[in-house]
Amino acid sequence: MTIAKRLQRQADTCAQLAAATYDEESRERYLRLEQLYRHMLATDGEPEVHLAGNLNSEPAERRLS
């Protein structure tokens, strides 16, 4: 299954769960997840990766050899 299909399926599931729940906190959480999945779909299905920093101070060239 491609990433785009998986994201679409997850977004649809979250929308259905948000509509079915009576708990406002859960509904908001499902709606935020749906928005996240749809945003990821809009960015070509590729999730953005943010690194907090280099976890290893050793240069990559040295680690690869």
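Student: Why is Arg-38 called partly exposed rather than buried or exposed?

Tutor: In this predicted model, Arg-38 has a relative accessible area of 31%. Buried would require a value under 20% and exposed a value over 50%, so Arg-38 falls in between and counts as partly exposed.

Student: What makes the pair of Asp-12 and Arg-38 a salt bridge?

Tutor: The closest N and O atoms of Asp-12 and Arg-38 are 3.0 Å apart. The cut-off is a side-chain nitrogen of Lys or Arg within 4 Å of a carboxyl oxygen of Asp or Glu, and the pair therefore qualifies. Asp-12 sits in helix H1 (residues 3-20) and Arg-38 in helix H2 (residues 24-42), 26 residues apart, and the pair thus links distant parts of the chain. Asp-12, with a relative accessible area of 32%, is partly exposed.

Student: Which residues are linked with Arg-38 in a network of salt bridges?

Tutor: The network joins Asp-12, Glu-34 and Arg-38. Besides the bridge to Asp-12, Arg-38 forms a salt bridge with Glu-34, where the closest N and O atoms are 3.1 Å apart. Both Glu-34 and Arg-38 belong to helix H2, and they lie four residues apart, about one turn of the helix. An α-helix has 3.6 residues a turn, so residues three or four places apart point the same way.

Student: Is Glu-34 buried or exposed, and how do you know?

Tutor: The relative accessibility of Glu-34 is 15%, and because buried means under 20%, Glu-34 counts as buried.

Student: How many salt bridges does the rule give, and what makes Glu-24 and Arg-27 one of them?

Tutor: The count comes to three salt bridges. The side chains of Glu-24 and Arg-27 meet at 2.9 Å, N to O, and this is within the 4 Å that the rule asks for, so the pair is called a salt bridge. Both residues lie in helix H2, three residues apart, about one turn of the helix. Glu-24 has a relative accessibility of 43% and Arg-27 one of 22%; since each value lies between 20% and 50%, both residues count as partly exposed.

Student: What else does Arg-27 touch, if residues up to four places away in sequence are not counted?

Tutor: Arg-27 touches Ala-18, Thr-21 and Tyr-22. A polar atom of the Arg-27 side chain lies 3.2 Å from the backbone oxygen of Ala-18, and a polar atom of that side chain lies 2.3 Å from the backbone oxygen of Thr-21. The limit for a polar contact is 3.5 Å, so both distances fall within it.

Student: How do you know that the buried residues of H2 are on the same side of the helix?

Tutor: The buried residues are Ser-26, Glu-34, Tyr-37 and Met-40. They cover an arc of only 125 degrees around the axis, which puts them on the same side of H2. These buried residues pack against H1, whereas Glu-25, Arg-32, Gln-35 and Ala-42 are exposed on the other side of H2.

Definitions and conventions. Residues are numbered from 1 along each chain as its sequence is written. This is a predicted model: local features need pLDDT of at least 70, side-chain atom pairs count only at pLDDT 80 or more; totals for chains, interfaces and linings use all residues. Side-chain values use heavy atoms; hydrogens and water are left out. Helices (H or I, at least four residues) and strands (E, at least two) are DSSP runs, numbered from the N terminus. Buried means under 20% relative accessible area, exposed over 50%, partly exposed in between (1.4 Å probe, protein chains only). Contact means heavy atoms within 4.5 Å. A polar contact is a pair of N or O atoms within 3.5 Å; within protein, one must be able to donate a hydrogen and the other to accept it, and residues adjacent in sequence count only if both atoms are side-chain atoms. The arc is that of the directions from the helix axis to the C-beta atoms.
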